[in-house]
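The sequence and the model are shown below.

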Amino acid sequence: MELTQSLIPQNSISFSSSSAFTHREDTLRESDHSLSIDNLSIHNTDTDLSTAVSNENICIAGHAEQEDENAATNKESSNYADDDDLPSLSDDVDKFLSILSSLGDSPAIVPDLPDISIERFAALIEKEISKYESGSADDHHSPSFLNSVDRASKLTAALTPFSSDPHYLQALNHTSAVLHHAMSLLEDDFHSLLLSSPSSPTRLRSIATSMISSGYETECSQVFLISRRNALESSVYEQGFEKISIDEVQHTPWESLEHQIVSWTKSFRHALSILFPQERDLCNEVFQSHRAIADSIFHNLARGILIQLLDFAEAIAMTKRSAEKLFKVLDMYEALRDMIPKLEDLFVSPDSSDGNLTAEMSAVKRRLGEAVVAMFCDLESSIKGEIVKMPLIGGAVHPLTRHVMNYLKHACEYKNTLEQVFRDHRRMDRSTSGSFDEERGDGGPTGGSGGGSRNSNPLLRQLVKVTDLLHCNMEGKAKLYKDLALRSIFLMNNGRYIVQKIKGSKELNQLLGDTWCRKLSADLRQYHKNYQRETWSRVLACFKDEGLQSKGSVLKPVLKDRFRCFNTMFEEILKTQSAWIVSDYQLQSELRVSVSAVIVPAYRSFLARFSQYLDPGRQTEKYIKFGPEDLEALIDELFDGNPLSLLRKK
């Protein structure tokens, strides 16, 4: 019986080992064309045959004679086999199959073999295959051809239990060879259709069904997997994603990685929302009656692409953490978060032997979330590390204030995502340490929108912490100004900028709330009062009545000195503070109006009461240099950032 078994052609001879598959896969990747199963040839040595004769009492001359006999039989059969005979021959084969089926698994007798009908039937199939291979026929996946192949498959399987009989063995060899040849043809056609017409699963399904029912499931699956994997990779790469190793990512400048992240995000969303569902549908359509095969193929297809995409995301999470990377990493985090449900829908029952792809995606998402938290904390470090020894000219809004507030405004556009990230991070901290160190809510200018809300929202706590740090940093920088009035202008500029950014951002305003803004606005009013006191209280002292009169008479020398002091101080203030910068138009206007409201009425009253005591003419012009309207016009020149030339004004 060992010889008998060796003579039976095996259905997966082309792919019987992993090395054969590896070689075949490499060939497919190079050309995507040469996917045919090698034509089967039966090599029976004289020694084996003689042994078989001895053991089984079968009178078979030898391999050469066997081949001649098969060739002669085939030639004879082909001479009288006509296409019109196929229906009747098919009926004969079906009747014979019915007889064999009725015998059960252990037949006591060996029925007569309709060898002529079988030979003619096999010859007709070979004839059809020859037509297709020569190009004289096109539709080699027609129902009639596939039905004939299916019948040949059943016949081969039915003959196998009787292979110890020489006549049965000869018929088995012939039908097996024909079947293998047909499978080779169908395999090539299957591959071509997968490349050219994957949108025609009615045709692909018929070939797949025929190959699987004939015992060629492995070959069918491998051809489908390799062909579609190449096509799927090409579709992903067309979206701009380029395969890059983790090591390469670590050595690539961030500016280049930013562009690659944009392409990755686009490719990842496209793959999960469009390409994978299409492949899932194609697998289900082609392997409609074989759901397990469809699931396995799709899982392998998706996993190959997904691992490439996840490796890049993993590499980004491993890069050096810095605040500038936050927003691109958030884009990747959101893509993973949004696509996980879609992946779960595609893999209702993932192959546990290959691991759970959803779990792998979740793990990468978690690591990106950890990177986000670290990058946000890097912003705190950058604020703490911002130490300068020279004050900013003119008391303008500091670049750090602009950077931090614009950063927070942009970050809060990801409000929901950041809240989720910080909540997840908080839970992980609790699970690893058993407790969570709540940030204190006291101190600093910020009070948040309530202690309970602040403690329950980790993102709010982070925002308050950052703004507190920024406020403290600005107070430290304000001390670099020796002029106390300019110190107040600097704090007003930066405080006003912070308030305006918060009010101008719906998300920031929702998080920090009106309470926080009201507290900072109160600080701004105090800075304003400090400015008024440091700058204009000395000016107003010139208009006091004390010391101007003695025994009911105005002391002209003292009066002249008062006018002289006012002129000097006012000109100095104009010269200095016109160079100061208040870029916020509303704050600039408020400051000018408040100065005019205090100085101009007091000056007008002083002139009305005491200008008459100065001699008309040159003396009046010498001491009274400005009229009330002049003061108003000159005050409106303050905080423009351009030193005022009084000579030019005059």
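A cavity here is a set of grid points where a 1.4 Å probe fits but cannot get out, and lining residues have an atom within 4 Å of such a point. The model is predicted.

**Cavities**

Three cavities of 30 Å³ or more are present in the structure. The volume of the largest cavity is about 60 Å³. Its lining consists of H471, M474, L491, N494, G495, I498, L520 and Y527. Three elements, α19, α20 and α21 (506-540), each give two or more residues to this lining. The largest contribution comes from α20, with four residues. By residue class, the lining of the largest cavity holds five nonpolar and three polar residues, and no charged ones.

**Helix pairs**

Two packed helices are described by the angle between their axes and the distance between the axes.

| Helix pair | Axes come within | Crossing angle |
|---|---|---|
| α19 (458-478) and α20 (484-504) | 9 Å | roughly 160 degrees |
| α6 (115-134) and α8 (166-196) | 10 Å | roughly 20 degrees |
| α9 (201-213) and α10 (217-238) | 7 Å | roughly 145 degrees |

**α19 and α20**

With axes crossing at roughly 160 degrees, α19 and α20 are therefore roughly antiparallel to each other. Their crossing is right-handed. On the α19 side, the contact involves L470, M474, E475, K477 and A478, which meet R487, F490, L491, N494 and I498 of α20. The residues of this contact divide into six nonpolar, one polar and three charged. M474, L491, N494 and I498 belong to this contact and also line the largest cavity.

**α6 and α8**

The axes of α6 and α8 cross at roughly 20 degrees, which makes α6 roughly parallel to α8. The crossing of this pair is left-handed. From α6, the residues I118, E119, A122, I125, E126, I129, Y132 and E133 take part, and they meet A171, H174, T175, V178, H181, A182 and L185 of α8. Nine residues of the contact between α6 and α8 are nonpolar, three are polar and three are charged.

**α9 and α10**

Helix α9 and helix α10 cross at roughly 145 degrees, with axes that come within 7 Å. A208, M211 and I212 of α9 make the contact with E217, E219 and C220 of α10. In this contact, four residues are nonpolar and two are charged, with no polar residue.

How values were computed: Residues numbered from 1 in each chain as written. Predicted model: local features only at pLDDT ≥ 70, side-chain atom pairs only at ≥ 80, totals over all residues. Heavy atoms only, no water. Axes fitted to C-alpha atoms, helices over the stretch in contact; angles between N-to-C directions. Parallel < 35°, antiparallel > 145°, perpendicular 65-115°, else oblique. Left-handed = near helix turned anticlockwise from the far one by under 90°. Contact = heavy atoms within 4.5 Å. Nonpolar A, V, L, I, M, F, W, Y, C, P; charged D, E, K, R; others polar. 1 Å grid on protein atoms, 1.4 Å probe; cavity = no way out; pocket = protein on both sides within 12 Å on 5 of 7 lines; lining within 4 Å. Points joined across faces, edges and corners; volume = space filled by probe spheres on them.
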